[in-house]
Amino acid sequence: MPTIRDALQDNRLPRLETRMLLAHALGHARPAHAHAWLLARDTEALPADAAERFTESLRTTGFGVLTNHPIPKELVQSIYDNWYRFFMSEQKQAFLFNRETQDGYFPPSVSEVAKGNTQKDIKEYFHLYPWGQMPEELRTQAMEYYRLANDLAAELLSWVEQYTPADIAAHYSCPLSSMIEESQKTLLRVLHYPPFDGTEEPGAIRAAAHEDINLLTILPAASEPGLQVKGSDGEWMDVPCDFGTLIINIGDMLQEASHGYYPSTTHRVINPTGGSAAKSRISLPLFLHPRPDVVLSERHTAHSYLMERLRELGVI
């Protein structure tokens with residue numbers, strides 16, 4: 001199975017060596033994470049063409065890999081550890097999801113069915129919004145990550161906006177950066193893919209092939225491998241599980257708003273084998289969403305598009 005790293009080395013994908021040392025983010029750093037920012041002060045300045053190269057990577061492949069960015073890996077690891085304990089406890093049953101607002105805990109019994117599939121994914125997950133329900137002892141840490149990831153996603157979206165050709169940008173009902181202003185819909189999801197015990201439904205996998213609904217997704221390397229993305233040639237590629245890296249991918253809403261210029265990324269999480277089958281997998285995507293009233297195309301507002309997809313997934 002080829003990997004994204006192989007494709008980069010073979011020049012089949014644009015090499016992205018962007019150093020994500022966003023100048024504005026330094027001003028937001030808090031003392032608790034000062035060590036993460038000292039690295040930024042000691043490294044070279046962001047290349048002049050970084051935004052353009054990043055946007056081109058998204059345009060041609062649907063994703064980008066960032067190796068130096070403002071999100072401390074210690075924070076990510078701590079979230080993985082704390083939420084693993086949460087998923088292993090019965091406390092999760094006190095936070096069952098609200099069908100109307102879609103916040104809270106989604107048990108395996110209501111796990112998503114990817115579009116075009118008939119079997120539920122093998123996973124459980126928790127939807128986190130600043131206004132939503134969550135364990136109080138985990139709130140501060142989760143919202144710190146939400147703030148950092150949301151700021152980064154907004155910055156990257158502004159890069160996409162800056163380097164969108166004028167004829168494509170003419171399709172936008174408003175600038176991309178305006179679409180997310182005061183949005184309450186950006187979602188942080190904590191996923192737990194449980195170990196395999198032999199009782200799994202035949203043919204089911206951890207996450208069947210799908211595309212994200214939103215504009216952009218920020219995804220730290222998970223606690224275990226398994227993520228694959230589908231290349232333009234139809235071939236599946238393993239995504240490196242190098243802890244500390246971020247995967248950025250395009251969602252369906254950006255594809256819709258750009259009339260297909262920015263392609264939504266098809267991806268999946270395959271089942272573990274060997275010794276890995278006995279291990280849990282924790283993942284932490286942030287889905288950058290516009291306000292519900294934003295017009296994406298002649299067919300859809302952000303709200304109508306989201307509702308259509310949630311119905312397809314079987315969660316409303």
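In the predicted model, the axes of helix α5 (residues 73–87) and helix α6 (residues 136–162) come within 11 Å and cross at roughly 135 degrees. Because of that angle, α5 is oblique to α6, and the crossing in which α5 passes α6 is left-handed. On the α5 side, the contact is made by Leu-75, Val-76, Ser-78, Ile-79, Asn-82, Trp-83 and Phe-86, while α6 contributes Leu-138, Gln-141, Glu-144, Tyr-145 and Leu-148. When the residues of this contact of α5 with α6 are sorted by class, eight are nonpolar, three are polar and one is charged.

Helix α6 also meets helix α4 (residues 50–61), and here the two axes come within 9 Å and cross at roughly 85 degrees. The angle therefore makes α4 roughly perpendicular to α6. In this second contact, Ala-50, Ala-51, Phe-54, Thr-55 and Leu-58 of α4 are set against Leu-156, Trp-159 and Val-160 of α6. The contact of α4 with α6 comprises seven nonpolar residues and one polar residue, with no charged residues.

The largest pocket has a volume of about 590 Å³, and its lining is made up of 44 residues, of which Glu-112, Arg-189, His-210, Asp-212 and Phe-287 lie nearest the centre of the pocket. By class, the lining of the largest pocket divides into 22 nonpolar, twelve polar and ten charged residues. As to the origin of these lining residues, helix α10 (residues 302–313) supplies the largest share, namely six residues.

Conventions
Residues are numbered from 1 along each chain as its sequence is written. This is a predicted model: local features need pLDDT of at least 70, side-chain atom pairs count only at pLDDT 80 or more; totals for chains, interfaces and linings use all residues. Side-chain values use heavy atoms; hydrogens and water are left out. Axes are lines fitted to C-alpha atoms, for helices over the stretch in contact, and angles run from 0 to 180 degrees between N-to-C directions. Helices (H or I, at least four residues) and strands (E, at least two) are DSSP runs, numbered from the N terminus. Angles under 35 degrees count as roughly parallel, over 145 as roughly antiparallel, 65 to 115 as roughly perpendicular and the rest as oblique. A crossing is left-handed if the near helix is turned anticlockwise from the far one by less than a right angle, and right-handed if clockwise. Contact means heavy atoms within 4.5 Å. Ala, Val, Leu, Ile, Met, Phe, Trp, Tyr, Cys and Pro count as nonpolar, Asp, Glu, Lys and Arg as charged, and the others, Gly among them, as polar. On a 1 Å grid over the protein atoms alone, a cavity is a set of points where a 1.4 Å probe fits but cannot get out, and a pocket is an open set with protein on both sides within 12 Å along at least five of seven lines; lining residues have an atom within 4 Å of a point. Grid points are joined across faces, edges and corners, and a volume is the space filled by probe spheres set on the points.
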